[in-house]
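Me: I'd like to go through this complex with you, one element at a time. Can you take my questions as they come?

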Amino acid sequence: MPMKKFVNDPDNLVNELLAGFVLANSGKVALAGNNLVVRAHPKPANKVAVVTLGGSGHEPALSGYVGEGMLDISVPGEIFAAPGPPRVFEALKLANRKAGVLLVVLNHEGDVMTANIAMEMAEKEGLNVKQVLTHEDISVPSRQDPKNRRGLVGCLPVIKVAGAAAEQGKPLDECIAIAERLERNMATLAVAVTGATHPSTGGIIAEVPETDMIVGMGQHGEAGGGQQSLKSADETAKIMIDALCNDLGAKSGDDLLVMINGVGSTTLMEQYVVLGGVKKALDAKGIKLARAIAGEFLTVQEMGGFQMFAAKMDDELLALWDAPCNTPALVVK
Amino acid sequence: MVDYNRLVAMVRAAAAQVRANQELLSKLDSHGGDGDHGTTMARAMNCMEKAVEDDQSSSLQELLRSIGWAVMGVDGGATGPLFGTFFMSMADAAAGKDALDANGLAAAFAAGLAGVQKRTRAQVGDKTMLDALVPAVDAAQAAADAGGSVKDMLRSASEAARDGAERTKSLQARFGRAKNIGEKSIGQPDAGASSVSLIFQGFLEGVTTHA
């Protein structure tokens, strides 16, 4: 079946998407060096810089979060594939400063390898860079072996709080401690109802039987078990938030941040209905929905489904979540 | 002996092999992966050839290092770091040498493999590139130990890589994206192992034509 996507040359897709992205957000972001996405108005050099890397095809992630209060530089890779170490090293050199650089890395094979090699080179050059790994996908059940947990949409709240801390002038060690505290207290579970097409190869990613949903879908729809008949929004919300609360050990009186991340073709309407279901399930447990957000933050082309993110928040994390940011994909005033 | 020019011939032949099989590699990757391995490897080979063209050094170490760095820059997930590390680690083993005999080349391959194994926890049997690379490097060493020529050694290595890649057909993926499809990954050879096999076939062709 021919792919129904508005693209030109598959080999030039990333260049073309970045060109349009910058045109659409010209006051906020710009391109530097070898397709590095940087702020149009750089942060003062006496503050910690926050950098990330990741495959393309997940728009607005990750480059959509470059801007005041979040990222300084994003290194976009090829479609669904991490950039190589040379460009990440280039970004680290560009971001390097006395205050330090925080590199946020999602736990995927290629991303981690690239980051590790870039970090080794950064060390050799004497750059002041520290790394934080996000791995919060609970479809791999064990917290004991976090290396097997994939990094999903949770990288964004981590970037949000670390970015806010950096913007406030907090030192690198404190930015890291904040990022890691949220990372330890967050969990994500994904559900898929329909698959997606790889926009340059035309290959089908993940197939979901007509009447089913798959709980535990990965970022590119890698199957992860949990196939079951399609349920209502409330039932699905309850299955997922229960699993997340269970993983987090959330109990009555805890403050939760919940994020519903539509991954492509699940409508905002559905996301809102699901969020309502989350509220009902949390009310029944006496857990407070302290903050909630719904929308398309990290997508997988036209895949149907969503990622549900939950985190146990303390006062400082909530304040950093509420702090202003001004990026193409997220604005907090 | 493999001197600078012969290494260039080997690398170019490897690139040609991979490019000729680009579609097959992507097709293999579409069982469990996201179907872009052929495209990524073809881009990696283009980067590699560009590095060869741009290299002014006439030093084996510099050439291998440039190739490694170029392959790493391919922006293709784990493929660039793994294949790039192979060449960069080979470069370390070629330091200060104008040419490699069978033993020297086998040692460089072994160094390349050791570099790759530092980057991944995958083992032989996990249905990855290591299922071709480990037997190829072992066979290269055995042939060199037996006093074989560079050509004999590369013939053994490429046969071992091809057999290793072929054996991945019956394996279940335990690494990379394909592990998520579990038993469904059985029946097709691994794309990464197939790429390793193609590269070693190219190396053999390169030394054969550039005698």
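Reply: Helices (H or I, at least four residues) and strands (E, at least two) are DSSP runs, numbered from the N terminus. This is a predicted model, where local features need pLDDT of at least 70 and side-chain atom pairs count only at pLDDT 80 or more, while totals for chains, interfaces and linings use all residues. Residues are numbered from 1 along each chain as its sequence is written, and chains are lettered from A and ligands numbered from 1 in the order in which they are written.

Me: Which residue of β11(A) is the bridge partner of A:Asp212?
Reply: Strand β10 of chain A covers residues 212–215, and three bridges join it to β11(A). The two strands run antiparallel. A:Asp212 has its bridge partner in β11(A), and that partner is A:Ser229.

Me: Which are the edge strands of the sheet in chain A?
Reply: Six strands of chain A form an open sheet with mixed pairing, in the order β11-β10-β7-β14-β12-β13. An edge strand here pairs on one side only, and that picks out β11 (227–229) and β13 (288–295) of chain A.

Me: At about what angle to β7(A) does helix α6 of chain A run?
Reply: Helix α6(A), residues 233–248, lies across β7 (186–194), β10 and β14 (304–312) of chain A. Axes are lines fitted to C-alpha atoms, for helices over the stretch in contact, and angles run from 0 to 180 degrees between N-to-C directions. On that scale, α6(A) runs to β7(A) at about 155 degrees.

Me: Are α4(A) and α5(A) roughly parallel or roughly antiparallel?
Reply: Helices α4 (155–167) and α5 (172–184) of chain A come within 9 Å, axis to axis, and cross at roughly 155 degrees. Angles under 35 degrees count as roughly parallel, over 145 as roughly antiparallel, 65 to 115 as roughly perpendicular and the rest as oblique. The pair is therefore roughly antiparallel.

Me: Over in chain B, what is α5(B) to α6(B), oblique or roughly perpendicular?
Reply: α5(B) and helix α6(B), residues 102–119, have axes 7 Å apart and pack at about 135 degrees. Their contact includes B:Phe86 of α5(B) and B:Phe109 of α6(B). The angle makes α5(B) oblique.

Me: Which residues of α9(B) meet α7(B)?
Reply: α7 (130–145) and α9 (191–209) of chain B pack at about 35 degrees, with axes 7 Å apart. From α7(B) come B:Asp131, B:Ala132, B:Leu133 and B:Ala136, and from α9(B) they meet B:Ala193, B:Val196, B:Ser197 and B:Phe200.

Me: Which elements give two or more residues to the side of chain B that touches chain A?
Reply: The contact takes 22 residues from chain B and 25 from chain A. The chain B side divides into six nonpolar, eleven polar and five charged. The elements are α3 (37–54), α4 (60–72) and α5 (79–93) of chain B.

Me: What ipTM does the predictor give the complex?
Reply: The pTM is 0.94. The ipTM is 0.90.

Terms used
Two strands pair if DSSP finds at least two bridges between them. Two residues are in contact if their C-beta atoms, placed from the backbone, lie within 7 Å. Ala, Val, Leu, Ile, Met, Phe, Trp, Tyr, Cys and Pro count as nonpolar, Asp, Glu, Lys and Arg as charged, and the others, Gly among them, as polar.
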